[in-house]
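Visitor: I have a structure open and would like to talk it through. Can you put it up for both of us?

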Amino acid sequence: MASSKYFNDDHAEHILQAKFGTRAIHAGQHPDPVTGAVIPPLSLSTTFKQHSAGEHNGFDYSRSGNPSRHAFETAVAALEGAKYGLAFSSGSATTATIVSSLPAGSHIVSVNDVYGGTYRYFTKVASALGVEVTFVDLADAANVASVIRPNTKLVWVETPTNPTLRLVDIKAVAEIAHKHNTKLVVDNTFMSPFFQNPLSLGADIVVHSVTKYINGHSDVVMGVAVTSNEEIYTKLAFLQNSIGAVPSAFDCFLANRGLKTLHLRMRQHATSAQAIAEALEASPRVENVIYPGLPSHPQHDLAKRQQKGFGGMISFRIKGDLATANAFLRHVKFFTLAESLGGDRATLGITENLIRLSVGIEDTEDLVADVLAALEAAVKL
């Protein structure tokens, strides 16, 4: 199996000192030794020639390792400041593989405001495998200590959470988890490696739904996990190969291409999100706005401390009810109604008038105007 250890690259030390965008473009990217092509070619082969039994050039079978996947894993690891990267067929497959690395009878502590797919896996699948999960409000990091047990193996965190955009103090949770010999996993999907690097704050594993920001073009379903812990990497790499929930070479090629512009896209996402959040907060048609970039966010100071930016996700409560929210959604022109929100809605503050916006990279002025026009059409003062 080919290792994703990007510092094996002759130019790795130079790349590691470079800024984010330079790393995104150069990490794991080698000109083709045969043709000289500067973009790593798409490798669709399922098997690879061996010089003799067990002797090959780093790849033998594409489930175990593939050049296109290796290039992508290497690039993502570099962006998160990790030594190792492992790509999977989806974010959910990433979660399942990590949970599969735990012994039966293990206990996981998870933030209560967790992604619906993760909640579903924890409550419907992991439980059947003998893994118990306790969900807890982690607005106060100290809450972790009260639910950790002798068999707790993982603390699972998203920050910001979905959809209420609550933050979790990664460094504080990591310190508590490690005192109890427990590993910390952080889902960094909403921030992307550009705005937040949990490993530098004490996390042991960072996961992403590549489907969201890293790929960035809504045409790939994939997940990725990165770590700097060799023992964790070795175990997850074994499971990646054994379970076989790996992405196709073509998806890896597309995601690697998307990753090259991540820094440019994230800046635009955040610029527009900040402008829209401020416009929403100033509108008499809105009850409240939840965006970490606003001083009104109760954890704004934490956001400034552990993030490098505030991201492209906004949640707000429109004045009215479900019918009002639907009227708003019918009138927006540049936002498309997509995945709905599930989970324990009332407990998490998910009311019928809560709307989450995933802000794109269109021109900021057009998006602000679109949102305000839809508000005016939906809410009559």
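Guide: One term before we start: a salt bridge is a side-chain nitrogen of Lys or Arg within 4 Å of a carboxyl oxygen of Asp or Glu. The model is predicted, so local features need pLDDT of at least 70 and side-chain atom pairs count only at pLDDT 80 or more, while totals for chains, interfaces and linings use all residues. Residues are numbered from 1 along each chain as its sequence is written, and side-chain values use heavy atoms, with hydrogens and water left out.

Visitor: How many salt bridges does a search of the whole structure find?

Guide: The search finds four. In one of them, the side chains of E132 and R149 meet at 2.9 Å, N to O.

Visitor: Where in the chain do E132 and R149 sit?

Guide: E132 is in strand β3 (residues 132–136), and R149 is in the loop between β3 and β4 (152–158). They are 17 residues apart, and the pair links distant parts of the chain. Strands here are DSSP runs of E with at least two residues, helices are runs of H or I with at least four, and both are numbered from the N terminus.

Visitor: Which residue does D169 meet in a salt bridge?

Guide: D169 meets R305, at 3.4 Å from N to O. This pair also links distant parts of the chain, 136 residues apart: D169 is in the loop between β4 and α6 (170–179), and R305 is in helix α11 (residues 300–306). D169 counts as partly exposed at 22%, whereas R305 is exposed at 58%.

Visitor: What about D301 and K304?

Guide: Their side chains meet in a salt bridge of 3.8 Å, N to O. Both residues lie in helix α11, three residues apart, about one turn of the helix. An α-helix has 3.6 residues a turn, so residues three or four places apart point the same way. D301 counts as exposed, at 53% relative accessibility.

Visitor: New topic, helix α3. How many residues does it have, and how far does it reach?

Guide: Helix α3 (residues 67–80) has 14 residues and reaches 20 Å from its first C-alpha to its last. That is close to the 20 Å expected at 1.5 Å a residue, where the expected span is 1.5 Å times one less than the number of residues.

Visitor: Why is α3 said to be largely enclosed?

Guide: Because 12 of its 14 residues are buried, the rest of the structure largely encloses α3. Among the buried ones are R69, F72, E73 and L79.

Visitor: What happens at the start of α3, and what follows it?

Guide: At the start, a side-chain oxygen of N66 reaches to within 2.7 Å of the backbone nitrogen of S68. After the helix comes G81, whose phi is positive, near 70°.

Technical notes. Buried means under 20% relative accessible area, exposed over 50%, partly exposed in between (1.4 Å probe, protein chains only). A polar contact is a pair of N or O atoms within 3.5 Å; within protein, one must be able to donate a hydrogen and the other to accept it, and residues adjacent in sequence count only if both atoms are side-chain atoms.
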